[in-house]
Amino acid sequence: MKTLNYININENSANAVVNSLNQLLADFQVHYTNLRGIHWHIQGRGFFILHEKFESLYDGMAAKIDEVAERILMLGGVPENRFSEYLKVAKLPEATGITCGDGAVKHVLDSYKYLIALEKEALKVAEEAHDVVTADMLTGYIAEQEKMVWMLVAFSTHNCNK
Ligand SMILES: [Fe+2]
C-alpha cells in the first residue's frame with residue numbers, strides 16, 4: 001500500500017517535491033543547530049531577550065523539521081536523518097563563535113534570506129505538482145519567516161538617540 005495512491009499526486013511530481021523537501025530538511029537541521037548554539041553562547045546586554053528568542057526560534061524550527069520529514073514520507077520519499085548527510089547537502093554554513101547580539105541577528109537574517117529563497121523554489125515545485133498541502137506548509141513558513149525578518153530588522157536598526 002502507498003500513500004500516493006490515495007492522495008492523487010503522481011509519482012514523478014511527488015519525487016520532485018521530495019527532492020526539494022530533502023534539501024530544505026538538511027538546511028533546517030543546520031539552522032536548528034545554529035540557533036541552539038547562539039542560544040547557548042550569546043552574551044551581553046541583549047542576553048535575556050535573545051537567549052529566550054533563540055529558544056523559541058529553535059523550538060519552532062524543530063516542529064518544522066518534523067513536519068517536513070513527515071511530508072516527505074507521505075509523498076513516498078525517505079527523509080534523511082544522518083547529520084553527516086545533512087552537511088553534504090546543506091548550503092547554510094555551521095555557525096561558530098557568535099556571542100554578540102548584532103552578530104547573532106545578522107546571522108539569522110542571512111539564514112532567513114537563504115531559507116525564504118529556498119522555500120519559494122520548493123513552493124514552485126509543489127505548485128507544479130498540484131501538491132496543495134506542501135504548498136500551504138511552505139507558504140506558512142515563508143509568511144512566518146518574513147514577519148520574523150521584519151522584527152529582527154526593527155530590533156537591530158532602531159536608534160533611540162535620534
Ligand atoms: Fe536553554
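Me: What should I know before starting?
Reply: Residues are numbered from 1 along each chain as its sequence is written. The model is predicted, so local features need pLDDT of at least 70 and side-chain atom pairs count only at pLDDT 80 or more, while totals for chains, interfaces and linings use all residues.

Me: How many residues has the largest nonpolar core?
Reply: A nonpolar core is a set of buried Ala, Val, Leu, Ile, Met, Phe, Trp, Tyr and Cys residues joined through C-beta atoms within 7 Å. Buried means 20 or more other C-beta atoms within 10 Å of the residue's own, with C-beta atoms placed from the backbone. Here the largest core has 32 residues, and Val17, Leu21 and Phe54 have the most contacts inside it. H2 gives the most, 11 residues. Helices are DSSP runs (H or I, at least four residues), numbered from the N terminus.

Me: How is helix packing described?
Reply: By the angle between the two axes and the distance between them. Axes are lines fitted to C-alpha atoms over the stretch in contact, and angles run from 0 to 180 degrees between N-to-C directions. H2 and H5 pack at about 165°, with axes 10 Å apart. That makes H2 roughly antiparallel to H5 (angles over 145 degrees count so).

Me: Which classes of residue make the contact of H2 with H5?
Reply: There are 11 nonpolar, six polar and three charged residues. Nonpolar covers Ala, Val, Leu, Ile, Met, Phe, Trp, Tyr, Cys and Pro; charged covers Asp, Glu, Lys and Arg; the others, Gly among them, are polar.

Me: At what angle do H5 and H6 cross?
Reply: Roughly 155°, and their axes come within 9 Å. That makes H5 roughly antiparallel to H6.

Notes: Buried ≥ 20, exposed ≤ 12 C-beta atoms within 10 Å, placed from the backbone. Helix = DSSP H or I, 4+ residues; strand = E, 2+ residues; numbered from the N terminus. Parallel < 35°, antiparallel > 145°, perpendicular 65-115°, else oblique.
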